[in-house]
Amino acid sequence: MINWSDEMRAQDYGYFCKIACQDATEKPIWIVSDIRRKTDIQWFKETYENIIRTIRITADENTRKERGFIFKPGVDDVTSECDLDDYTEWNLVIDNGKGKQKLEEQLGSILTLLSNL
């Protein structure tokens, strides 16, 4: 499946974004979860320009392991899983790691970010 999607992206990097947003103009706010590639963000920014807000939810490696994450070579180190690891242009980063500010408390930051739209 990943190989097929890579082939489709090679022909048109916005292919899947376009499909996901076919009815976007009918909704005042869209949340697109699980974006995995820089080209997806690129497409959204090119298409919707200044109304896009990017949010990354992250957790440290120990927290992820405590929650059951087990690294699988050939799965967790491919582009579909790690292309955004070095992306830094997020409008907001929420740290969902153990011992960090509670997620519920951090969600207010999202409302603040959206209030500028």
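Tutor: First a term: helices (H or I, at least four residues) and strands (E, at least two) are DSSP runs, numbered from the N terminus. This is a predicted model, where local features need pLDDT of at least 70, side-chain atom pairs count only at pLDDT 80 or more, and totals for chains, interfaces and linings use all residues. Residues are numbered from 1 along each chain as its sequence is written, and side-chain values use heavy atoms, with hydrogens and water left out.

Student: OK. How many helices and strands does the chain have?

Tutor: There are 6 helices and 2 strands. Along the sequence they run α-α-α-β-α-α-β-α.

Student: What box do the C-alpha atoms fill?

Tutor: Roughly 40 × 40 × 20 Å, taken along the principal axes.

Student: And how do the strands pair, parallel or antiparallel?

Tutor: Strand β1, residues 55–58, pairs with β2 in the parallel sense, over 4 bridges. Two strands count as paired if DSSP finds at least two bridges between them.

Student: Which residues of β2 are on its covered face?

Tutor: Leu92 and Ile94. The uncovered face of β2, residues 92–95, has Val93 and Asp95.

Student: What share of the chain is buried?

Tutor: Buried residues are 24% of the 117 residues. Buried means under 20% relative accessible area, exposed means over 50%, and partly exposed is in between (1.4 Å probe, protein chains only).

Student: Let's go inside. Which residues make up the largest nonpolar core?

Tutor: Cys17, Cys21, Ala24, Trp43, Phe44 and Ile52, 6 residues in all. Such a core is a set of buried Ala, Val, Leu, Ile, Met, Phe, Trp, Tyr and Cys residues joined through side-chain atoms within 4.5 Å.

Student: Where is threonine 54?

Tutor: Threonine 54 sits in the loop between α3 (38–48) and β1. Its relative accessible area is 7%, so threonine 54 counts as buried. Leaving out residues up to four places away in sequence, it touches Ile41, Lys45, Glu89, Trp90, Asn91 and Leu92.

Student: Now α3 itself. Which of its residues are buried?

Tutor: Asp40, Ile41, Trp43 and Phe44. They cover an arc of only 160 degrees around the axis, so they lie on the same side of α3. The arc is that of the directions from the helix axis to the C-beta atoms.

Student: What do they pack against?

Tutor: The buried residues of α3 pack against α1 (2–11) and α2 (15–20).

Student: What happens just after α3?

Tutor: Glutamate 49 takes a positive phi of about 45 degrees there. Most residues other than glycine have a negative phi. Glutamate 49 lies in the loop between α3 and β1, and is exposed at 56% relative accessible area.

Student: What about aspartate 34, with its positive phi?

Tutor: Its phi is near 70 degrees. Aspartate 34 is in the loop between α2 and α3 and counts as exposed, at 55% relative accessibility.

Student: Arginine 37, then: buried or exposed?

Tutor: Arginine 37 is buried, at 7% relative accessibility. Its place is also the loop between α2 and α3. Among its contacts are Ile2, Asp6, Asp83 and Leu84, not counting residues up to four places away in sequence.

Student: Last one. Of contacts between residues at least 6 apart, what share join residues at least 24 apart?

Tutor: In this chain, 67%.

Terms used: Contact means heavy atoms within 4.5 Å.
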